[in-house]
Amino acid sequence: MLKKFTLKNYKNFKDEISIDFNNTANYQFSTDCITNGLISKMLIYGRNATGKTNLGKAIMDICNIMRGRVLYMENSVLINADSKEHSATFSYEFQFDDQILQYQYNRLSNQELSYETLMIDGIVIYSCDFEEKLFNFTNLNYIYAETANVGRYEESIVRENEMEEMQQPRLPFLRWLINNIAFEEQSILLKLENYIRRMALITVGDGRTIGLRRERSIFLNRLLEDEEQLKGLEDFLNAMGIECKLVLKELPDGQRELYFHHDRLVPFYETASSGTLALVDLYRKLIPRGVIPSFLYVDEFDAFYHYEMAENVLQFFKKKYPECQMIITSHNTNLMTNRLMRPDCVFILSREGTLTSLCHATKRELREGHNLEKMYISGEFAEYE
């Protein structure tokens, strides 16, 4: 599991910001927000333009490292515009069983690394200073990778430097190592790769859910040809408070179309509300994959949702994925309740780029009986906004 994430000099985060999933308090309620001693369900509140979306993209950046492609390509500047430093720092600390893995790298751009290092249980396994062309691979034997042909890797980096005009992305050594060494099944690097492969960022309220109805429906309709998947979507919507019965019909041209089942069939995508479409998009991205996610960052969680539906979705996530680490950003203060969450799992992201849990944002000793929403609205935590 992800134990800690630290970011610096990325977009609006000039100063260092950390999410410490290990920083829990000894609360005896809403224990389903904690897994193996780490926060597994987290809510982040913040005013507009505080960087909630940027924080999610930063956490997910390690997927770009491992998959060899930029998942969230942007034309915007990656480095903080007010900083004199020329690279952004990403630092991850993972815990797998009784081992601690720390992976850190610096980015010059979406395509180029300047530095990379890996530590396991406090031992530096390797470090790569790409700008100074300094490489240290002396402890690869610690992970049984001493047979790695690191000379070939260094040669590839030199060739990339000589062909800068081709703008080839610099190959991270971590990805090269995993792809070129036959590690044993219990290797911590394979555990890391498996965890990262199951990470996902979902933006519920980005406006595209409505604008791409037809394009997205084609893929979903193919999945729904499986009766179990169709029944699964129907049950999911009903669990969210949307009473409906669905049917998939074949049209004369061979295409499938989804309908609400009434005495007269009603086209689903043309008549469903924005909230229903947002739920279907969420279902499309997660449920049918058959892969249990390891980490989910759900951005703009409250978009299009009635407060009761938002509670239903949160409860669904907690029940469906009890061990999955989730960060949900929201403006819905109804979710700020000890009935669903707890003060050490609800955070405020400030305009200055600080992240503070509610239990550390007040001098009061927060207890189960406290009304967190009322305290928030009354300004109890305003100093940290």
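Trainee: How many residues does the largest nonpolar core have, and which have the most contacts inside it?
Mentor: In this predicted model, the largest nonpolar core has 125 residues, and L140 and L177 have the most contacts inside it. A nonpolar core here is a set of buried Ala, Val, Leu, Ile, Met, Phe, Trp, Tyr and Cys residues joined through side-chain atoms within 4.5 Å. Buried means under 20% relative accessible area, exposed means over 50%, and partly exposed is in between, with a 1.4 Å probe and protein chains only.

Trainee: Which helix gives the largest share of this core?
Mentor: Helix 10, residues 274–286, with seven residues. Helices are DSSP runs of H or I with at least four residues, strands are runs of E with at least two, and both are numbered from the N terminus.

Trainee: And what is L177 in contact with?
Mentor: Leaving aside neighbours within four places in sequence, L177 is in contact with L140, I143, A145, A148, F183 and L189. Contact means heavy atoms within 4.5 Å.

Trainee: Before I forget, how are residues numbered, and what gets counted?
Mentor: Numbering starts from 1 along each chain as its sequence is written, and side-chain values use heavy atoms, with hydrogens and water left out. As the model is predicted, local features need pLDDT of at least 70 and side-chain atom pairs count only at pLDDT 80 or more, while totals for chains, interfaces and linings use all residues.

Trainee: New topic: what order do the strands of the open six-strand sheet have?
Mentor: The order is 11-15-16-5-17-18, with mixed pairing. Strand 11 (199–203) and strand 18 (355–357) are the edges, each pairing on one side only. Two strands pair if DSSP finds at least two bridges between them.

Trainee: In what sense do strands 15 and 16 pair?
Mentor: Parallel, over four bridges, between residues 295–299 of strand 15 and residues 325–330 of strand 16. F295 stands opposite Q325 there.

Trainee: Is N36 buried or exposed?
Mentor: N36 counts as exposed because its relative accessibility is 64%. N36 is in the loop between strand 3 (34–35) and strand 4 (38–39), and its phi is near 50°, a positive value in a residue other than glycine.

Trainee: What about A49, buried or exposed?
Mentor: A49 counts as exposed too, at 80% relative accessibility. Its phi is positive at about 70°, although A49 is not a glycine.
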